[in-house]
Amino acid sequence: MAPARYFPNTMPDYEGQETDTQIPQGFLSKFVEKIVEDIEKSLRPMDKNGGDGLYLGTAGVSYMYYHLSKIPAMSEHKHRFLTKSVEYLAPALNAIKNSSQRDISSFILGNAGVYAVAAAIYQAIGDKIQSDNFKKMYREAGSICKDMQFLSCGSDELFVGRAGYVLGALWLSKETNTELPKGDIYALCNTMVESGRKYAHRHRCPCPLMYSYYQVEYLGAAHGLCTILQALLTVPGYLDANPVHAREVKTTIDYLLSLQDSGGNFPCASDEIGARSELVHWCHGAGGMIYLMAKAYLVWNEPKYLKSCEKMAELIWAKGLLKKGPGICHGVAGNGYAFLLLYRLTGKPKHLYRGIAFAKFMQTDEFVKGARTPDYPFSLYEGIAGTACFLGDLMCPQQAVFPFSDVF
């Protein structure tokens with residue numbers, strides 16, 4: 001029998017006491033400070049650490065500092081966080097100078113994500129010229145995505161494809177308070193729909209839209225259908241302007257919903273439909289699928305989507321204390337974010353309590369001694385930089401948002 005992927009959750013669940021949801025500001029701020037100290041000691045802002053985009057490189061750490069600079073409870077550190085954000089951005093900017101064409105529009109793994117974070121940081125420190133320059137570079141990078149098959153591995157998913165570029169554009173527009181280039185973004189959404197339609201037709205898929213990445217029909221958030229649909233749902237006004245596309249998107253979401261098993265989880269890919277999925281992660285499974293269903297609930301207000309989210313939350317509470325580590329991609333913080341999402345969605349204190357419990361678990365001996373150390377332990381997605389974002393968001397849960405995945 002394979003070893004469990006998670007620590008059994010023996011923590012008491014929410015019992016309705018007001019004290020259960022008091023935010024432990026002191027605990028959280030000390031935890032964040034310890035993470036920041038560890039990163040500064042172990043991952044220097046040097047060129048050798050600048051590659052691999054937001055996912056693994058110093059650009060992700062730069063984002064962490066920027067994210068923390070906006071946490072009201074940590075406002076005394078704002079100037080220092082922004083200064084560090086610029087320091088850790090520099091190696092990432094150097095790393096992308098000689099990028100290949102295929103990496104320029106990649107949001108999580110390539111240039112576009114670095115451009116977006118740079119634009120937001122320079123705006124925050126009052127350097128409008130630099131900010132405008134990076135916004136221009138971001139917009140120009142989008143032209144590469146216009147070709148339906150600009151990537152042979154799959155052109156529509158989050159890490160390197162159109163969905164990532166579109167969600168990045170939404171984030172950048174919000175962070176810098178600038179108008180979204182709707183014409184360009186709508187054109188990319190049209191291409192995403194047409195791409196999914198063609199693939200679904202060619203492969204006789206049971207839903208109107210389907211995609212593959214390296215010839216696998218992934219369904220989850222990292223590389224799959226889930227985040228592509230989320231991007232289409234999130235672009236303001238797009239579905240209203242394209243009712244035929246809206247029907248195809250909704251039918252595809254409802255198809256995905258039909259795949260949720262009795263335990264609340266979803267298969268990782270089409271070739272695993274019918275098998276019980278054990279992956280309760282953001283990247284594959286309930287921890288990431290919850291964002292799509294939450295957005296679908298906000299758009300159509302149909303209880304079935306909220307019910308799906310609540311089933312996922314119960315599963316995450318039971319099996320989400322992952323042994324893979326503290327990160328947001330396939331770690332405890334990523335699953336903790338699901339509770340903050342549901343707290344914002346429903347206002348139910350139970351979800352805030354559970355988010356706090358997941359944060360506290362990461363400081364227990366059981367976790368510290370028993371969890372695996374990620375390959376990139378200080379990175380945004382695999383490591384503790386993402387954990388710091390989660391802890392910071394717990395201090396102000398009404399504005400909490402998983403990086404680049406705001407459904408509100």
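What follows is a chat in questions and answers.

Tutor: Two ground rules. This is a predicted model, where local features need pLDDT of at least 70, side-chain atom pairs count only at pLDDT 80 or more, and totals for chains, interfaces and linings use all residues. Residues are numbered from 1 along each chain as its sequence is written, and side-chain values use heavy atoms, with hydrogens and water left out.

Student: How much space lies in the largest pocket?

Tutor: Start with the term: on a 1 Å grid over the protein atoms alone, a pocket is an open set of points where a 1.4 Å probe fits, with protein on both sides within 12 Å along at least five of seven lines, while a cavity is a set the probe cannot get out of. Lining residues have an atom within 4 Å of a point. Points are joined across faces, edges and corners, and the volume is the space filled by probe spheres set on them. For the largest pocket that gives about 500 Å³.

Student: Which residues are the closest to its centre?

Tutor: The lining of the largest pocket holds 25 residues. By class it has 11 nonpolar, 6 polar and 8 charged residues (nonpolar is Ala, Val, Leu, Ile, Met, Phe, Trp, Tyr, Cys and Pro; charged is Asp, Glu, Lys and Arg; polar is the others, Gly among them). The closest to the centre are Trp171, Lys174, Glu175, Val401 and Asp406.

Student: Which element gives the largest share of that lining?

Tutor: Elements here are DSSP runs numbered from the N terminus: helices (H or I) of at least four residues and strands (E) of at least two. Those that give two or more residues to the largest pocket are α3 (58-69), α8 (162-175) and α10 (225-234). The largest share, 6 residues, comes from α8.

Student: And which element gives the most to the lining of the second largest pocket?

Tutor: The second largest pocket has about 390 Å³ of space. Of its 17 lining residues, Pro326, Met362, Phe367, Val368 and Ile384 are the closest to the centre, and the lining splits into 11 nonpolar, 3 polar and 3 charged. At least two residues each come from α1 (25-42), α17 (365-370) and α18 (384-394). With 4 residues, the most comes from α1.

Student: On to rings. What kind of aromatic pair do Tyr65 and Phe81 form?

Tutor: Rings of Phe, Tyr and Trp (its six-membered ring) pair if their centres lie within 6.5 Å; planes under 30 degrees apart are stacked, over 60 edge-to-face, and the rest tilted. The whole structure has 30 such pairs. Tyr65 and Phe81 sit 6.0 Å apart, centre to centre, with 45° between the planes, so by those cut-offs the pair is tilted.

Student: Why does that pair tie together separate parts of the sequence?

Tutor: Tyr65 is buried at 0% relative accessibility, and Phe81 is buried too, at 1% (buried is under 20% relative accessible area, exposed over 50%, partly exposed in between, with a 1.4 Å probe and protein chains only). Tyr65 lies in helix α3 and Phe81 in helix α4 (residues 78-95), so the pair ties together parts that are 16 residues apart.

Student: How many residues apart are Tyr66 and Trp171?

Tutor: Their ring centres are 6.1 Å apart and their planes are at 75°, so this pair is edge-to-face. Tyr66 is buried at 5% relative accessibility, and Trp171 is buried at 10%. Tyr66 sits in helix α3 and Trp171 in helix α8, and the pair links distant parts of the chain, 105 residues apart.

Student: Which ring does Lys250 lie over?

Tutor: A charge sits over a ring if NZ of Lys or CZ of Arg is within 6 Å of the ring centre and within 35 degrees of the ring normal. Lys323 lies over the face of Phe7, at 5.6 Å from the ring centre. Lys250, at 5.4 Å from the ring centre, lies over the face of Trp300.

Student: How far is the sulfur of Cys283 from the closest cysteine sulfur?

Tutor: A disulfide needs two cysteine sulfur atoms within 2.5 Å, and the structure holds 0 of them. Cys283 is buried at 7% relative accessibility. Its closest cysteine sulfur is in Cys329, too far for a bond, at 3.8 Å.

Student: Last one: which residues lie nearest the centre of the largest cavity?

Tutor: There are 4 cavities of 30 Å³ or more, and the largest has a volume of about 80 Å³. Its lining divides into 10 nonpolar, 4 polar and no charged residues, with at least two each from α10 and α13 (286-300). Of the 14 lining residues, those nearest the centre are Leu158, Trp282, Pro403, Phe404 and Ser405.
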